[in-house]
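Trainee: Could you take a close look at one part of this structure with me? I'd like to go through the sheet, strand by strand.

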Amino acid sequence: MTLDELQALPTAAALISGAPGAVTSGKYDRQELMLEIAAERIVSACRFLKAEQNFARLSTITAVDWYPEEPRFEVVYHLHSPERNERVRLKCRVTGENPEIDSVTAIWRGANWYERETFDLFGIRFRNHPDLRRIMLPEDWEGYPLRKDYPVTGNRV
Amino acid sequence: MSVGDIPGVTTVETETPAQAPEEDMRPRKMTLNMGPQHPSTHGVLRLLLELDGETIVSAQPDIGYLHTGIEKEFEVKNYQQGVTLTDRIDYLAPLSNNLCYCLAVEKLLGIEIPPMAQWTRVMLTELTRLNSHLVWLGTHAIDIGAMSVFLYCFREREDILRIFEMYSGQRMMTSYFRIGGLALEPPRGWQKRVRSFIDIFPSRVDEYEELLTNNGIWIGRTKGVGRIALEDMLDWGVTGPMLRAAGLKWDTRKSQPYSSYEKFDFEIPTRTENDVYARYLVRIEEMRQSARIIKQALEGMPAGRWTADAPHVVLPEREKMKTQMEALIYHFKIVTEGFNVPAGEVYQVIESPRGELGYYMVSDGTAKPYRVHVRGPSFANLQAIPEMVQGTLIADVIAAIGSMDFVLGDSDR
């Protein structure tokens, strides 16, 4: 959907005017709203949604690897507003070479472990994260298992 | 020395006094490693506690001991095979995970599930809630020193597991819900078995309450313990009975009904005290409400098929395979290569016994999921431990983490 079409959806319209330049496109599919956000604007978009649109909860953060496409990774945020009984999904594209995005831990402290998990399994670095280290795997693990070029079976040599 | 500096598994360390012995009057801090093999951590949770005497200065949960790469494994299994992995995520609520996974795929496929299958799903998912809450109550009470409650709870849990076994042939890893409906036709005589359980269950809840609700020791150990503000819980992503014990009336079964929950009459219990005791009362009342739902499902169970009318997804009946060419072809195709799911993405949410359980599923149009992310409620709930136990006594840590009701399989996946 283009930005003009998104204006019909209240949350999308509010975000487009509240955080200018953040929304690049979006989709309303199977009763779920998805908004693509410019990666460098993710913090301001989230801050606006929490402060002005009552999205008090961050449900989860994860990523999708679209290897060999470029930009390779998609960082996915699921936000929820219990008060408005509404959910929204935000997505940011980050490059495969040295993937980095700003952390949203300053907005929801609960983002901490989700960002650590995404870092652990995809190797995406979150800037300004207070404690970015592996969470599931041992500290000395090599590679990032949820990347598509990481094998499912086999032995380490 | 801060907690984070300690390498590997350290048992007990004391800070070396920097000053001369006669000046050493300042409080000493001790680091205690609780878990990962500690009975009250219910699984393999490691807690690094920094203690000042008996008071917790800081706590740091360490997870990952049960990480099995389930999310990666989804990507190499076809959609129907993936159901068996979901059992192993939250092993105390396997059917809740089955349900959420199937609902997500069905949403992508856009298929309609017949009422009979939906109601059976509701009934069995509520039995799962009872099963999970019973394990929680029994082990939580043992942690605090009430031994006998455990035996009472496991008596009823056994009845529930027998019902699961009757339905699916399995007590724990049921995999009974499949994409498109149920794995098998409900067994003959299920009504009698469920009725005899549900007729007696409310009086059994009274028994647990008799043992605990007015028990002086129980109240002393749980009232006013493990408090954490509602705003902080929302910030940390805590969900489920913990939020309801703090006064937030939010339950996905009511706010975003799925699998025809909107047709059932039940209440969402809430409390405002926001302590371990309130969480106990909320879960006890949830058990009574689940029993109500099961009774309604039992009495109003619609007739009809247990699988959807979707021949490309659901395996055909044996009889049809022997008489119809198309059925045989579908059977061959489903078994050898699975079925393609339209490209797209969904985030399906249900209310598991522990809180918000979400499956984020991305399909690229093939027969295997491109990506499955499981938002387990335990993962987010565990994050709130440091805030909950800071400044309390070490004995209260046991009560506080017991009241969270986490499953490490659910958090580590």
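In β5(A), which residue is the bridge partner of Glu36(A)?

Mentor: That's Lys91(A). Bear in mind that this is a predicted model, where local features need pLDDT of at least 70, side-chain atom pairs count only at pLDDT 80 or more, and totals for chains, interfaces and linings use all residues. Residues are numbered from 1 along each chain as its sequence is written, while chains are lettered from A and ligands numbered from 1 in the order in which they are written.

Your pair sits where β2(A) and β5(A) (86-94) run parallel, with four bridges between them. Strands here are DSSP E runs of at least two residues, helices are H or I runs of at least four, and both are numbered from the N terminus; two strands pair if DSSP finds at least two bridges between them.

Zooming out, the open sheet has five strands in the order β1-β2-β5-β4-β3 (chain A), with mixed pairing. β1 (23-29) and β3 (57-65) of chain A are the edges: each has a single partner strand, so one side of each lacks a neighbour in the sheet. From one strand to the next, the twist averages 20°.

Contact means C-beta atoms, placed from the backbone, within 7 Å; axes are lines fitted to C-alpha atoms, for helices over the stretch in contact, with angles from 0 to 180 degrees between N-to-C directions.
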